[in-house]
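Thanks, everyone. I'll take the fold first, then the interface. Have a look at the model.

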2 protein chains.
Amino acid sequence: MTTQQLIEQIQIKKSFLCIGLDVDLNKIPSHFLALEDPIFEFNKAIIDATHDLAVAYKPNTAFFEAYGIKGWMSLQKTISYINEKYPEIFTIADAKRGDIGNTSSMYAKAFFEDLNFDSITVAPYMGKDSVEPFLAFEDKHTIMLALTSNEGAFDFQTLQVNGTKGEAKELYKTVLETSKTWKNSENLMYVVGATKAEYFTEIRKIVPDSFLLVPGVGAQGGSLSEVCKYGMNANVGLLINSSRGIIYASKEADFAQKARIEALKMQQEMAAIMQAE
Amino acid sequence: MTTQQLIEQIQIKKSFLCIGLDVDLNKIPSHFLALEDPIFEFNKAIIDATHDLAVAYKPNTAFFEAYGIKGWMSLQKTISYINEKYPEIFTIADAKRGDIGNTSSMYAKAFFEDLNFDSITVAPYMGKDSVEPFLAFEDKHTIMLALTSNEGAFDFQTLQVNGTKGEAKELYKTVLETSKTWKNSENLMYVVGATKAEYFTEIRKIVPDSFLLVPGVGAQGGSLSEVCKYGMNANVGLLINSSRGIIYASKEADFAQKARIEALKMQQEMAAIMQAE
């Protein structure tokens, strides 16, 4: 999917909601456990109930890998289902990959070609040649960690780093700036946690046009209106993720309706913000 | 496996060789392609030919994921084969994982419980709460990226970072120092690339007792003797990885014998270094 197509979907749906598919078998309605592929069936129910309210789905690979081969099959079925039934949806493999060049190429092949995701999340620690293999894929998007929503973000990401000209700035800003010099950097998006809304102003100075994938609204305590106030650009430029707040809204038979209600609340809030801009 | 058991194996085998299993179907002898599971069969042949010369095997998850469900099955068969036939071998899932706490817990479950690896490589960018879930597993080891062997290592890892006391030091040193304060940090090992042998002296000042997993000898140009000179400690404390130099020593029918010859060369060099210490 092109960035332009994603922007169009945001305008059509008046939504920039991404729903995270982090399926824990201990947290889904128990009747699913009797089915052959509970993870896929649960995802399918959530997707069918919310696809008109969300512009993106983000399966978290850890929650599939934890169930071994069966989990990987569930991942494959989930992405195939979205691609076939809802091709207008932007898909994100939340995988946090990154390794030396030939290994990153294999990860890119796995997620962009074999599974056919539109995008993947990657970690920046190994630098340029660990990310550029992902950027080489046309109409695919690489969503690099910049400033994450967890407490550990303050261990390294916000440390002051000395630049070549003697000035000091936070590591995540250096990561953002440096990444703009990489080949095909127009295929980059960034992860920026909602729990740090006050940072968005500074981030927008460095990457005014890029899409930002924003976890941490809801369960992790971030505020949608705060993030939009400081992070939105002319094309919206945000994908706000919610996982647990939507998919685990109920553990009863009405889980899909409850998920839809939670997604609808967010979509309506987003529509109001978009209209006010 | 405990660290003590790993040290004993190093003494018994007079080897600290780790063989990386990065299987690319384009690079293995063509007769494998007719088999039902070429990746596993190739790995099995390599392992059977080299298990007495190596103390560790390191499957690189990217090279399995690139082949989808079949690849994940090959990974499961490979680790099961090692665990059953050669339980004295230390196994490393080269996966470079790392995410927020509940997600890292799922990755730990996938690799430590479901697949039963002894260790996994992780990325540090997301900090303490992204790594501690791995450290919580007894007799399992978490091998964190410190200073990698690729060119991109110089993008961020070697940047000067300001400490709380005003002193500046490279990011990878800060990563090493900070990680020592984490819960169960005795379960940490570190990735340090062989292409940067002169850095080992400084690294050993920070983590004198930890095992270091060292990629980059051979194909990437690092020198074994240089790394040992600066990086060895009283328990050896090194796992030197070679992937392509061993497993792709030949593409002909003699590939396993040629792999053994290359592994033997390295083991003999290691035995000589251990004796000279």
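Start with helix 4 of chain A, residues 68-85. It lies across strand 1, strand 2 and strand 3 of chain A. Against strand 3 of chain A, helix 4 runs at about 150°. Keep in mind that this is a predicted model.

Now the sheet under that helix. What order do the strands of chain A take around the barrel? Eight strands close up as 1-2-3-4-5-8-9-10, with parallel pairing. Ignoring direction, neighbouring strands of this sheet are turned by 30° against each other on average.

Take one pair in detail. Strand 4, residues 119-122, and strand 5, residues 141-147, run parallel in chain A and are joined by four bridges. Within that part of the sheet, Thr121(A) stands opposite Ile143(A) of strand 5. Helix 2 of chain A, residues 38-50, also packs on the sheet. It touches strand 1 (17-21) and strand 2 (56-59) of chain A, and its direction makes about 170° with that of strand 1.

Over to chain B. Here eight strands close into a barrel in the order 1-2-3-4-5-8-9-10, and the pairing is parallel. The twist averages 30° from one strand to the next. Strand 1 (residues 17-21) and strand 10 (residues 238-242) of chain B pair in parallel over three bridges. Leu17(B) has Ile240(B) of strand 10 as its bridge partner. Helix 8 of chain B, residues 171-179, packs on the sheet and touches strand 5 (141-147) and strand 8 (188-192). Its direction makes about 155° with that of strand 5 of chain B.

Next, the interface. Chain B puts 57 residues into the contact, and chain A puts in 57 residues. About 5,000 Å² is buried between the two chains, with carbon and sulfur atoms giving 62% of that area.

How many salt bridges cross between chain B and chain A? Four. One is Glu65(A) with Arg97(B), with the closest N and O atoms 3.0 Å apart. Polar contacts across the interface come to 29 residue pairs. On the side of chain B that touches chain A, helix 5 (residues 101-114) gives the most, with eight residues. That side divides into 27 nonpolar, 18 polar and 12 charged residues.

Last, one more ion pair. The whole structure has 32 salt bridges over all chains. Among them, Lys96(B) meets Asp99(A) at 2.8 Å, N to O. Lys96(B) sits in strand 3 of chain B, and Asp99(A) in the loop between strand 3 and helix 5 of chain A, so this pair joins two chains.

Note on methods
Residues numbered from 1 in each chain as written. Chains lettered and ligands numbered in written order. Predicted model: local features only at pLDDT ≥ 70, side-chain atom pairs only at ≥ 80, totals over all residues. Heavy atoms only, no water. Pairing = 2+ DSSP bridges. Axes fitted to C-alpha atoms, helices over the stretch in contact; angles between N-to-C directions. Contact = heavy atoms within 4.5 Å. Buried area = accessible area lost by both parts, 1.4 Å probe. Salt bridge = Lys/Arg side-chain N within 4 Å of Asp/Glu carboxyl O. Polar contact = N/O pair within 3.5 Å; in protein donor to acceptor, adjacent residues only side chain to side chain. Nonpolar A, V, L, I, M, F, W, Y, C, P; charged D, E, K, R; others polar.
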